[in-house]
Amino acid sequence: MANVLLRYTNLVLVTLFILSLLSFLLAYLFPGQALENLTGLRLNELSELQNSQIKYSVDNNIFVQYWHYVGELFSGNWGVSFNTGLPLYEDVGRYLPASIELSSYALLLSFFIGLPLGFIAALRHHKLTDYSLLSVSLLGYSIPVFWLALIMILVFSLQLGWFPLSGRISLLFEIPSITGFILIDILLSDLIDKQSAFIDALRHLILPTVSIAVVTTTMIFRITRRSVIETLNSEFILAAYARGLTPTQVLMRHGVRNALIPILPLLAMQFPTLLTNAMIVESIFSWPGIGNWLIQAIYQQDYPAIRAGMLAVSVLVVIFTMSIDLIIRLTDPRRRRAERAAI
Amino acid sequence: MVLLDIKNLTLEIDISSEWVKALDKINMVIHEGQIHALVGESGSGKSLIVKAIVGALPKRWRITADRMTWKGQNLLTMSAKARRKLIRKDISVIFQNPIESLDPSLTLGKQLKEMLPRDQLTKTWFWQRNDEKQALAIKLLHKVGIKNHQLCLASYPHQIANDVVQKFMIAMALASEPKLIIADDPTRGMEVTSKTQILKLLSRVNQVRGMSVLFVSHDLLAISSMASYMTVLYCGQTVESGDLKQLRKRAFHPYTQALLDSAPSFRKDLPPKSPLSSLDGTIPTLHHLPIGCRLGPRCPRARRECVETPQIRRVHTHFYSCHFPLHWDAK
């Protein structure tokens, strides 16, 4: 157990080191002066004194520079944006939770739809239910996310007018940011009409969440279906039937758990795709998330922002996937070592 | 008393949109308290028979039989629920692959307790149940010769040595106190000491509790040490069945003879360094089954008549199906 923990921590540390190295090198690979790309400050706009102070540490060799860079990263000084001049650390801290919120709702939604549907299709394998669900999932799988989002806007907000077009919450509400997750913030705030604010935020959430969730749901559905079919065809399920257990007993006691174990790591692999889709959808719905922010930064060639945004997103992905892997590794009984004792 | 009576059991499998008879008119009768051996090469359909008996075959395969009864009740026409109950109560199977046939994510203890039938439990309250189940499970493990019950019950299937898992499977099979234990090649891939332990265990179960055993194997030495009756299977057809001693003394079917000859330990007169006898060729695949007697192309005594399936003939308790049986000219 301690061994496994140590190995995974090691892996995460090495990966994070490489990521930080890459983000540092990006400053040199982008056009313009490396120092400007790192700090976001225009050197010619600074006073003579500051300029010479910064230049002083740049003149050291590259390893010393990297050391300084990492030190600044940890102290929360990520530089400022070229365009707005705002500190990047606070920007990322404000936009990233919005993205995480959107993605996690989409993930939850796809879990609650995809998993049961996958089980149903697998239990009705080679039957009409299975085939129809499979073909519908193929449709959902092949629809491009941005197109789906645009169609949703067209139908549900422009024609039917059920849901708002863009944004996170109506401008009428002023929600103080505490956690960065809007629904939690509303509940924590001391507004007079909390309820209407909550409903308004929910109405803003529905369209982007659904458009991200469609693709993820089909993926989860297909993975679940495959895994359940494989599990139900395995020998121990046949053996359980041969022992005279009822189909419900076999499914509940032996089928479900063993089908779910291989699903989780595959789901962790889907997280980057989910995040990419979330970024696209954010920029369509003008959702104030990291994706929208990053795409704006790319348009405006805001190199410090690109560097910081990429670092933040990749660290998030690495830590998320690694922790899911670790949880699976620690809980999966099939990976447990044998105790050395004679029986 | 006849426990299991199978007459003309035929199983058809759908292979690339063509129905192939994987089992062709199998006959078998198992009496109470008998150890019945089912012998055949790999791929001759031994495991299919086992699965057909307990109903663990895919639903799209076609099973037909003139008779397939358990103590007079027809297994093929009864409802799935009734059949499941009957199997739960009276028949236990020990599978070929002990580790594969156990749930990999549950401890052995939980799986063993699952098999304990309700009517063995005397205590009524649910908090007493678990203790009672634990005690019963430990008792079962001691019966099959597993001493370290604590560790065994708390382990997962992959953590335990193969022969111990096989003993555990026997304990699981004994849990419901069945009338018939079907042991599907229980000693596969084991070395001699654990093999003898398993075989002894099975014959003791047979003697002490009077349980019948259907012993499926290709290990003639093991069979001759414990079984009393033998059915020989070739490529989905029963070629010969009869009392084991009689069969060994006087096999009528050329295949049985070849099988017996291929085991050197049965031939005391075999001179040193002489070539071991075996039939030419291999067992045919399901795609290329010969018509008539399926042994035909490999049979040393085959003649033109062998393209027709031979009828079952009977001499006392000895059944065989061959047009040109051995030892017949002499008689």
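In the predicted model, 32% of the 343 residues of chain A count as buried. Chain A is built from 13 helices and has zero strands, so that its order along the sequence, by the definition of these elements as DSSP runs, reads α-α-α-α-α-α-α-α-α-α-α-α-α. Taken along the principal axes, the C-alpha atoms of chain A fill a box of roughly 85 × 65 × 40 Å. Among the contacts of chain A that link residues at least 6 apart in sequence, 71% join residues at least 24 apart.

A:H126 is found in the loop between α5 (88-123) and α6 (128-142) of chain A. B:K71 is found in the loop between β5 (67-70) and β6 (73-74) of chain B, and is partly exposed, with 13 other C-beta atoms within 10 Å.

Chain B is divided into domain 1 (2-227) and domain 2 (250-331), and the C-alpha centres of these domains of chain B lie 30 Å apart. Eleven residues of domain 1 of chain B are in contact with eleven residues of domain 2 of chain B. On the domain 1 side of this contact, the elements that give two or more residues are β2 (19-31) and α8 of chain B, and the largest share, three residues, comes from β2(B). By class, the side of domain 1 of chain B that touches domain 2 of chain B has seven nonpolar, three polar and one charged residues.

The largest nonpolar core has 96 residues, and those with the most contacts inside this core are B:A171, B:I182 and B:F215. Helix α6(B) provides the largest share of the core, ten residues, while at least three residues are drawn from each of domain 1 (2-227) and domain 2 (250-331) of chain B. In soluble globular proteins, nonpolar side chains tend to be buried together. When residues up to four places away in sequence are not counted, B:A171 touches B:L112, B:L140, B:L141, B:K143 and B:V144. A second, separate core of 53 residues includes A:Y105, A:A122, A:L205 and A:V210.

After α1(B) comes B:G55, whose phi is positive, near 75°.

Helix α7 (residues 192-209) of chain B has 18 residues and reaches 25 Å from its first C-alpha to its last, close to the 26 Å expected at 1.5 Å a residue. The buried residues of α7(B) are B:I198, B:L199, B:L202, B:V205 and B:N206. Seen down the axis of α7(B), these buried residues fall within an arc of 115°, and they therefore line one face of the helix. On the other side of α7(B), the residues B:V192, B:T193, B:Q207 and B:V208 are exposed. The buried residues of α7(B) pack against β3 (35-40), α6 (162-175), β8 (180-184), β9 (212-217) and α8 (220-226) of chain B. Just after α7(B), B:G210 takes a positive phi of about 70°.

The contact between the two chains takes 26 residues from chain B and 22 residues from chain A. On the side of chain B that touches chain A, the elements that give two or more residues are α2 (80-90), α3 (108-115) and α5 (149-154) of chain B, and among these α2(B) gives the most, with four residues. The residues of the side of chain B that touches chain A divide into 14 nonpolar, six polar and six charged.

Definitions and conventions. Residues numbered from 1 in each chain as written. Chains lettered and ligands numbered in written order. Predicted model: local features only at pLDDT ≥ 70, side-chain atom pairs only at ≥ 80, totals over all residues. Expected span 1.5 Å × (residues − 1). Buried ≥ 20, exposed ≤ 12 C-beta atoms within 10 Å, placed from the backbone. Arc of directions from axis to C-beta. Contact = placed C-beta atoms within 7 Å. Nonpolar A, V, L, I, M, F, W, Y, C, P; charged D, E, K, R; others polar. Core = buried A, V, L, I, M, F, W, Y, C linked by C-beta atoms within 7 Å. Domains from an automatic or database assignment.
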